Amino acid sequence: PIILAIETSCDETAAAVIKGGKEVLSNVVSSQIESHKRFGGVVPEIASRHHVEQITFIVEEALSEANLTFSDLDALAVTAGPGLVGALLIGVNAAKAIAFAHGLPLIPVHHIAGHIYANQLEKPLEFPLISLVVSGGHTELIYMKEDGHFEVIGETRDDAVGEAYDKVARTLKLPYPGGPEIDKLAAKGEANIDLPRAWLETGSYDFSFSGLKSAVINVLHNASQRGEEVKPEDLAASFQASVVEVLVTKAKQAAEEYNVKQLVVAGGVAANKGLRDSLEKALENSEAELRIPSLKLCTDNAAMIGAAAYTGWKSNKFAKLDLNGEPGLPLS
Ligand code: ATP
Ligand code: MG
Ligand code: FE
């Protein structure tokens, strides 16, 4: 099927046309980063307004890049949650309107399923698999026994990893979004500052990043009280080393315990160079094949929503026209 997918869960307005769940005919993303930068984070009201202004144009752009019209489509897909409710509603209503006007079925997609299925656009997923989801709002280890089945085996008890990156970046006075800035800075520094690693109870696949974030703030605070300088690149490298060590160790352990074919990394923080390198090294001799999306598919886009929608299409999981945006939509 040819599916037009729409994604507006946060601060990117995106539309894509996907054929057969994996062939990208177009993938248009309009980012609002510049509008949110001066506030140091996403302002929900501003995000919704941008989506309203952009959505029609972005959908037309996605169709025209694919050289198609509405009558060539077999289905619509849209992110139904989780995300900012006002932002989700713009995409959901646009998708419902198009589906209704052209008599097309509508496939609701979970945003995190989208991040995972982004990998499918490059090579087929093989089950069972473990997915390490690392994004702005989520940090989870998910066991997928088969296509479309999700079992969350571990999750963050406080901050998401992307959120921790953005907060630490703010204390270092780096611009929003801070994740890529810390990543760049870390590459220039030495991980020579002692920071904690939150392993939690033995055998737990849960995560915690708020203690690490506080430890970074304390290091800066104590140094300034003593009139000493902390090299920001060393602090960034030390923070990144702590995050990456915990993520990689737990993901590898889960992949081994569940005896999976693939370890599939997903979400915006999958773009992190330190994490990518460390995962590659850790899984060099592993039974599980490491899958990380190319950079462009890590952060929010609609191609990934079209890829995940194909699973819904195959199992006839269509939404009615009363579909609503659900900010806390559960994965399973
Ligand atoms: P969610 O997917 O959980 O709803 P989101 O959609 O806001 O949240 P994504 O778009 O998946 O999140 O990812 C954005 C996050 O990824 C931001 O926190 C950003 O700082 C982080 N990020 C992006 N690139 C990097 C990088 N190279 N290193 C670390 N973090 C990064
Ligand atoms: Mg975003
Ligand atoms: Fe996302």
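According to UniProt, in an unreviewed entry, the annotation "binding site" covers His 111, His 115 and Asp 300. These residues span 190 residues in sequence, yet no two of their C-alpha atoms are more than 8.8 Å apart, so they gather at one spot in the fold. The structure considered here is a predicted model.

**Annotated regions**

- His 115, one of the residues under the UniProt "binding site" annotation, has its place in helix α4.
- The unreviewed UniProt entry also places the feature "domain: Gcp-like" at residues 23-306.
- In the model, the span of residues 23-306 is 46% helix and 16% strand.

- The shell around ligand 1 comprises 24 residues, of which Gly 136, Gly 137, Gly 162, Gly 179 and Gly 268 come nearest.
- Two or more residues of this shell are given by each of the elements α4 (111-117), α5 (161-171) and α6 (178-186).
- Helix α6 gives the most to the shell, with four residues.
- Sorted by class, the shell around ligand 1 has 15 polar, six nonpolar and three charged residues.

**Helices α2 and α3**

- Two packed helices are described by the angle between their axes and the distance between the axes.
- Helix α2 (residues 44-65) packs with helix α3 (residues 85-102) at an angle of about 20 degrees, and their axes are 8 Å apart. Because angles under 35 degrees count as roughly parallel, α2 is roughly parallel to α3.
- The crossing in which α2 passes α3 is right-handed.
- On the α2 side, the contact involves Pro 44, Ala 47, Ser 48, His 51, Val 52, Ile 55 and Val 59; on the α3 side, they meet Gly 86, Ala 87, Ile 90, Gly 91 and Ala 94.
- Eight residues of the contact of α2 with α3 are nonpolar, four are polar and none is charged.

**Helices α8 and α9**

- Helix α8 (residues 232-257) and helix α9 (residues 273-282) pack with their axes 10 Å apart, at an angle of about 40 degrees. The two helices, α8 and α9, are therefore oblique to each other.
- A right-handed crossing describes how α8 passes α9.
- From α8, the residues that make the contact are Gln 240, Val 244, Leu 247, Val 248 and Lys 252. From α9, they are Gly 274, Leu 275, Ser 278, Leu 279 and Ala 282.
- By class, the contact of α8 with α9 divides into six nonpolar residues, three polar and one charged.

**Backbone details**

- Gly 81 and Pro 82 are joined by a cis peptide bond, with omega at about -10 degrees. Pro 82 is found in the loop between β4 (75-81) and α3.
- A cis peptide bond also runs from Tyr 176 to Pro 177, with omega near -10 degrees. The loop between α5 and α6 holds Pro 177.
- Asn 259 has phi near 55 degrees, a positive value in a residue other than glycine. Asn 259 lies in the loop between α8 and β9 (262-266).

Terms used. Residues numbered from 1 in each chain as written. Chains lettered and ligands numbered in written order. Predicted model: local features only at pLDDT ≥ 70, side-chain atom pairs only at ≥ 80, totals over all residues. Axes fitted to C-alpha atoms, helices over the stretch in contact; angles between N-to-C directions. Parallel < 35°, antiparallel > 145°, perpendicular 65-115°, else oblique. Left-handed = near helix turned anticlockwise from the far one by under 90°. Contact = placed C-beta atoms within 7 Å. Nonpolar A, V, L, I, M, F, W, Y, C, P; charged D, E, K, R; others polar. Near = placed C-beta within 6 Å. UniProt positions renumbered as here; feature names shortened; annotations may be inferred.
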